[in-house]
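Trainee: I would like to learn how to read the packing features of a model such as this one. Could we go through them one at a time?

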Amino acid sequence: MTRLFSNRSRHFDMGDLPTELLARDAHAPEIQAAVSKDQYPAGPHSLNEALATYQKLFEQYLDGETAIARAPLPDDLSIRSKNLKASAYFLDATLAGVCAIEHSDFSKDAPKHTHVLIFLIEFSREPQSDQPGATWIHGSNKARTNARASEVAVVLAGYVRALGYGARGHVAGNTLLNLEALAQRAGIARSENGLLKMPFLNCGFALAAISTDLPLEIDLPIAPNASLGWPDSGAYMGKHGTRPGWAESEAELRPLHWGRYPMETLKRVPEPTTLILREEIIRNSKRADLFTRALAGDLGEKAKVQRMRFATKHPLAFAMTPLIRNMVPLQGTYERLVPAETNGALSDAQRNAESIKALAYFLGADLVGICEAEPWMFYSHEAQLGKPIEPTHKHCVVMLLDQGFETMEGASGDDWISGAQSMRGYMRGAFIAGVMGAHLRRLGYSSRSHTNAESDILHIPATLLAGLGELSRIGELVLNPFIGPRSKSVLLTTDLPLAFDQPIDFGLQSVCNMCMKCARECPCNAIPFGPKVMFNGYEIWKPDVEKCGKYRLTNMKGSACGRCMKTCPYNREDLVESSRLLELSIRVPSARRALIDYDDQIGAGMRNPVKRWWLDLEIINGVCVTPGGVNERDLDLDRTHKLAQTQKLAFFPPSLQPPMGTTASSTVPLDREAGLKAYANAEKPNQAKKRQK
């Protein structure tokens, strides 16, 4: 069931639970209390060992160096606190609060910190004992949630240190503070019968915090006599733009391996809705990746310089890089390190597929599909040394991470939060796929995760074949009907037997054929207004990756770019009316044109100032400063004719890429003139289809 009330007018720093309705009391006592425990005992095949590896890694980055100068932050302490709480919610904390540190809170040799941002993360949903994934998941919820809390603590502490203030993360088992007492003081939980309880929800949770010398506005404790339940029917139904009280029981009606979104209702087809001529695809080296080409100097000096910082210019995105980079060595191998189980327990490919999906959803993936890892989907060579890549695994688990509707709603798509949206998805995906891979290797199956930082396989065809979306006009993006284009992907390949999903058809080719909104709103005119073409065996609305890449790399008024995602009609809020519009677009093809026009009429894709929670900052030479400008874009309904008339697109097939074996140490300038000719002479899909008959 979808949300009944819009959250459009709710400030992001308030979170999605109506805690503003709780009575507060500055003198409420802090009572000793225990935190949540696992509902089930851990069995021999539990996830705990894999989670422990990542927990250990994350804890290495709870503390670190502080920037040499302080950022130009607002003097208003409430704005600072709201920004930190919103940052925690952006990272998927459930509740966050701020309190002052008292002298007795710290153990000896503690830093001279004055305030704490403390947050809790709720336990994940678990399968029933007879449902897929139960033997892996049961007994691991506490460890899973502690790891997620540690991830958030690392990023928030790193963010504050990048602002020029001291900060340290504190997590269960590695803290200088009494987290249970501080949770009560900051008003995010209260002691009841010796147990710490959060408002409104009955699930377990994990606590974590950052301590800092950044002055902040504090919150008040929950009053001792205040009810922690839903105060009235309106709050229960979510009229404040908050999570409704029935959400937990509603979710329980779906088996965990189905996920949140009703993907099972979509039409499945044997082949994707765009033509793929597998026998004509030429595998490219990783050296052909545009950002790798930029790093090698192929796109010019400015793009080369900006390549190392374009997505992490904002301090929040910058704070995610230690985890993203240091999870790479944990991504796994194609070799079996221990013998696989021989008792037949994991021989059922369908049951395995359902279990692996349940595991992915338990860890935090938003959508999951499985496809065959066909050889043409792999890169041909490594970028650095030119070493050949041999396709090995046959099974590929594809996971999508939602970049967050509310933050996208407040942004232009190419302003200072854009890079952090991407990096959050990449970081979370690397954690999820990495833990899954480590768990499968422990069971005796080789597995390797493929992340934005290091991947041997192309994500777009895998996402398409795994049935998680259709190829859109945006071009090199597979669009899902429920979360639109605002996703990041992560893959896990393995030799564990898995049943494959089929591609889907929800009518997107018809919609994108009529809708030009992403092309109209693209800042660099890189998305085609014209029809699809054939590119290296694919039927695709092929974007000009040089235009797109250079803009994202050298965007001086923001960090990277996701404006096409921001303005797409499928980037919609989870409301009843949105669900009906989606259903109408799928079931009634004749209504699609009217629905596209309606999207512009209601101003969908405009920035919502209520949802703008981040601070515009840029890191230059290790110090946060006020940036030289901010992209303040809204819709421009008059751009289509002008841009379509002047649009010149280039593409770069394998023949225009660096030769096989070229390494990143050699510069091979991009040949735009040849790329323009290649696009102008591109084969049309109907011509390719005729050749196949």
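Trainee: In which sense, left-handed or right-handed, does α2 pass α4 in their crossing?

Mentor: Before the answer, a word on the basis: this is a predicted model, in which local features need pLDDT of at least 70 and side-chain atom pairs count only at pLDDT 80 or more, while totals for chains, interfaces and linings use all residues. Residues are numbered from 1 along each chain as its sequence is written, and side-chain values use heavy atoms, with hydrogens and water left out. A crossing is left-handed if the near helix is turned anticlockwise from the far one by less than a right angle, and right-handed if clockwise; here α2 passes α4 in a right-handed crossing. Helices (H or I, at least four residues) and strands (E, at least two) are DSSP runs, numbered from the N terminus.

Trainee: How is such a helix pair described, and which residues of α2 and α4 make the contact?

Mentor: Two packed helices are described by the angle between their axes and the distance between the axes. Axes are lines fitted to C-alpha atoms, for helices over the stretch in contact, and angles run from 0 to 180 degrees between N-to-C directions. In this case the axes of α2 and α4 come within 10 Å and cross at roughly 145°. Contact means heavy atoms within 4.5 Å, and α2 contributes Asn83, Leu84, Ser87 and Ala88, while α4 contributes Leu156, Tyr159 and Val160.

Trainee: Is serine 87 buried or exposed?

Mentor: Buried means under 20% relative accessible area, exposed over 50%, and partly exposed in between (1.4 Å probe, protein chains only). Serine 87, which lies in helix α2, is buried because its relative accessible area is 0%. Leaving aside neighbours within four places in sequence, serine 87 is in contact with Leu156, Tyr159, Leu316 and Trp613.

Trainee: What is the strand order of the open sheet of four strands?

Mentor: Two strands pair if DSSP finds at least two bridges between them. The open sheet has the order β1-β2-β6-β3, with antiparallel pairing, and its edge strands, β1 (95–100) and β3 (167–171), each pair on one side only. Neighbouring strands of this sheet are turned by 20° against each other on average, direction ignored. β1 and β2 (residues 115–122) pair over six bridges in the antiparallel sense, and valine 98 has leucine 117 of β2 as its bridge partner. Helix α2 (residues 77–90) packs on the sheet, where α2 touches β1 and β2 and its direction makes about 145° with that of β1. Helix α4 (residues 141–162) also packs on the sheet, touching β2, β3 and β6 (205–212), and its direction makes about 15° with that of β6.

Trainee: How many aromatic pairs does the count come to?

Mentor: A pair of aromatic rings is described by the distance of the centres and the angle of the planes. Rings of Phe, Tyr and Trp (its six-membered ring) pair if their centres lie within 6.5 Å; planes under 30 degrees apart count as stacked, over 60 as edge-to-face and the rest as tilted. By this rule the count comes to 14 aromatic pairs, among them the edge-to-face pair of tryptophan 230 and tyrosine 236, at 6.1 Å centre to centre with 90° between the planes. Tyrosine 236 is partly exposed, since its relative accessible area is 33%.
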